[in-house]
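This briefing describes a single protein chain and the contacts within it. Please keep the sequence and the model in view while reading.

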Amino acid sequence: MVNEQAKRIGERIKQIRMQKNLPQAVVAGSMGVSQSLLSSIESGRCSTTVDNLIKLHEILDCPVRDFFVDIDGAYAPELPEGCFSLEELAGALASLRGK
């Protein structure tokens, strides 16, 4: 059984691939692996290698770190300057309610 962190990495790979509108078969072919292996990685049925992560970073045109941003369950995307997160908005609204 794959550990929870490996499962989250697989989910993140799938999310990035889908954001780029790349079919699983195309990405798997570019990696030199079967579509069923990529499916297993994305679904968390198996873990992947560092070599495959490097290939994915090149194919998906994203930093390798993007595969690990929510590995601890606390995904916090980078926000453009002047923007704030939903959590920050909720906190600000809650503090206004208390006044």
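This is a predicted model: local features need pLDDT of at least 70, side-chain atom pairs count only at pLDDT 80 or more; totals for chains, interfaces and linings use all residues.

Leu93 belongs to helix α5, which covers residues 86-97. Together with Leu89 and Leu96, Leu93 makes a nonpolar surface patch of about 280 Å².

**Overall architecture**

- The protein chain has five helices and zero strands, and its elements follow the order α-α-α-α-α from the N terminus.
- Of its 99 residues, 26% count as buried.
- The accessible surface of the chain comes to about 6,800 Å², and carbon and sulfur atoms account for 55% of that surface.

**Contact of α1 with α3**

- Helix α1 spans residues 4-19 and helix α3 spans residues 35-43; their axes come within 6 Å and cross at roughly 115°.
- On the α1 side, the contact involves Lys7, Gly10, Glu11, Ile13, Lys14 and Arg17, and on the α3 side it involves Ile41, Glu42 and Ser43.
- By class, this contact comprises five charged, two polar and two nonpolar residues.
- The buried residues of α3 are Leu38, Ser40, Ile41 and Glu42, and they pack against both α1 and α2, the latter being residues 24-31.
- Gly44 follows α3 and has a positive phi, near 85°.

**The salt bridge between Glu42 and Arg17**

- How many salt bridges does a search of the whole structure find? The search finds one salt bridge.
- Glu42 forms a salt bridge with Arg17, and the closest N and O atoms are 2.7 Å apart.
- This pair links distant parts of the chain, with Glu42 in helix α3 and Arg17 in helix α1, 25 residues apart.
- Is Glu42 buried or exposed? Glu42 counts as buried because its relative accessible area is 3%, under the 20% cut-off.
- Arg17 is likewise buried, since its relative accessible area of 8% is under 20%.
- Leaving aside residues up to four places away in sequence, Arg17 touches Leu22, Pro23, Gln24, Val27, Glu42 and Leu60.

**Lysines and their spatial neighbours**

- Lys7 is in helix α1 and has a relative accessible area of 34%, so Lys7 is classed as partly exposed.
- Lys7 and Glu42 are 35 residues apart in sequence, while their C-alpha atoms are 7.5 Å apart in space.
- Lys55 is placed in helix α4, residues 50-60, and counts as partly exposed because its relative accessibility is 33%, between the limits of 20% and 50%.
- The C-alpha atoms of Lys55 and Ala28 are separated by 10.0 Å, and the two residues are 27 residues apart along the chain.

**Positive phi values in loops**

- Most residues other than glycine have a negative phi.
- Asn21 is not a glycine, yet its phi is positive, at about 55°.
- Asn21 is found in the loop between α1 and α2, and Asn21 is exposed because its relative accessible area of 67% is over 50%.
- Asp61, also a residue other than glycine, has a positive phi near 55°.
- Where does Asp61 lie? Asp61 lies in the loop between α4 and α5.
- The relative accessible area of Asp61 is 62%, over the 50% cut-off, so Asp61 is exposed.

Terms used
Residues are numbered from 1 along each chain as its sequence is written. Side-chain values use heavy atoms; hydrogens and water are left out. Axes are lines fitted to C-alpha atoms, for helices over the stretch in contact, and angles run from 0 to 180 degrees between N-to-C directions. Helices (H or I, at least four residues) and strands (E, at least two) are DSSP runs, numbered from the N terminus. Contact means heavy atoms within 4.5 Å. Ala, Val, Leu, Ile, Met, Phe, Trp, Tyr, Cys and Pro count as nonpolar, Asp, Glu, Lys and Arg as charged, and the others, Gly among them, as polar. Patches are made of residues with over 30% relative accessible area and no salt bridge: like charges are joined within 9 Å, nonpolar side chains (Val, Leu, Ile, Met, Phe, Trp, Tyr) within 5 Å. Accessible areas come from the Shrake-Rupley method with a 1.4 Å probe; for residues, only the protein chains shown count as cover. A salt bridge is a side-chain nitrogen of Lys or Arg within 4 Å of a carboxyl oxygen of Asp or Glu. Buried means under 20% relative accessible area, exposed over 50%, partly exposed in between (1.4 Å probe, protein chains only).
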